[in-house]
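Please look over the sequence and the model before reading on.

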Amino acid sequence: MALTATTKLEAVNIMLSTIGENPVNSLTSGLVDAELAETILGSVSKAVQSEGWNFNTEKKVSYSVDTSGHILLPANILRADATVEANALDLVQRGLKMYDKKNHTYVINQAVNLDVIIELDFEILPEVARRYITLKSSRIFQDRVVGSETLHKFNQEDEFMAYAQLKDFEADSEDISILDNYSVYSVVDRIGTQRVT
């Protein structure tokens, strides 16, 4: 048997198993609990991805204005922020448009670079993110349908372990160093300078 990443159907079936429900063969089974599980899975996926992870964050993406001078964002953008170069404009996201707070208008009239957080389909998320989203969704689903404190504790322990794995994955994939932070580097550099003198 080939090993594959968790599918949305498998995630829903894991969620159903937390309440003792039989698995379904498709996401269009018509089973009310399966539909609720899929809805919760989608909601949790959006919430987790909204935090912004290395796998769904794009830096300095260029956006041009439309014929009205507005910067329109694609529907899968969860968060957008103007990069340092565009900070003189004081842009914020409102709905799927960028708004200039300084001039109180949606009319920007120039292309800008934005840092964006993108909502990805469940099937293209890294497996570690799928697992965390599935386990968090399972806990929420069980809490809403059954409400067992005992099951809540078991599910919560699994969720915490999955979150720790996701944070480890994030640290590994970002390739960050404490020396990338100026505040930390300045302290380290100051210590090195003191020894020389």
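Asp 90 is partly exposed, because its relative accessible area of 35% falls between the cut-offs of 20% and 50%. This residue belongs to a predicted model, and Asp 90 sits in the loop between strand 2 and strand 3. Most residues other than glycine have a negative phi. Asp 90, however, has a positive phi, near 55 degrees.

His 104 is also not a glycine, and its phi is positive at about 55 degrees. The loop between strand 4 and strand 5 holds His 104. With a relative accessibility of 61%, His 104 counts as exposed, because the cut-off for that class is over 50%.

Strand 3, residues 91-94, pairs with strand 4, residues 97-100, in the antiparallel sense. Four bridges join the two strands. Within this pairing, Val 92 has Tyr 99 of strand 4 as its bridge partner.

Two residues lie between the strands of this hairpin. In the hairpin, Gly 95 takes a positive phi near 65 degrees.

## The largest pocket

The largest pocket has a volume of about 220 Å³. Its lining consists of 14 residues, and those nearest the centre are Gly 52, Trp 53, Thr 57, Lys 59 and Ile 117.

Several elements contribute to this lining: strand 1 (57-63), strand 2 (77-82), strand 5 (112-118) and helix 4 (149-174) each provide at least two residues. Sorted by class, the lining has seven charged, four nonpolar and three polar residues.

Terms used: Residues are numbered from 1 along each chain as its sequence is written. This is a predicted model: local features need pLDDT of at least 70, side-chain atom pairs count only at pLDDT 80 or more; totals for chains, interfaces and linings use all residues. Side-chain values use heavy atoms; hydrogens and water are left out. On a 1 Å grid over the protein atoms alone, a cavity is a set of points where a 1.4 Å probe fits but cannot get out, and a pocket is an open set with protein on both sides within 12 Å along at least five of seven lines; lining residues have an atom within 4 Å of a point. Grid points are joined across faces, edges and corners, and a volume is the space filled by probe spheres set on the points. Ala, Val, Leu, Ile, Met, Phe, Trp, Tyr, Cys and Pro count as nonpolar, Asp, Glu, Lys and Arg as charged, and the others, Gly among them, as polar. Two strands pair if DSSP finds at least two bridges between them. Buried means under 20% relative accessible area, exposed over 50%, partly exposed in between (1.4 Å probe, protein chains only).
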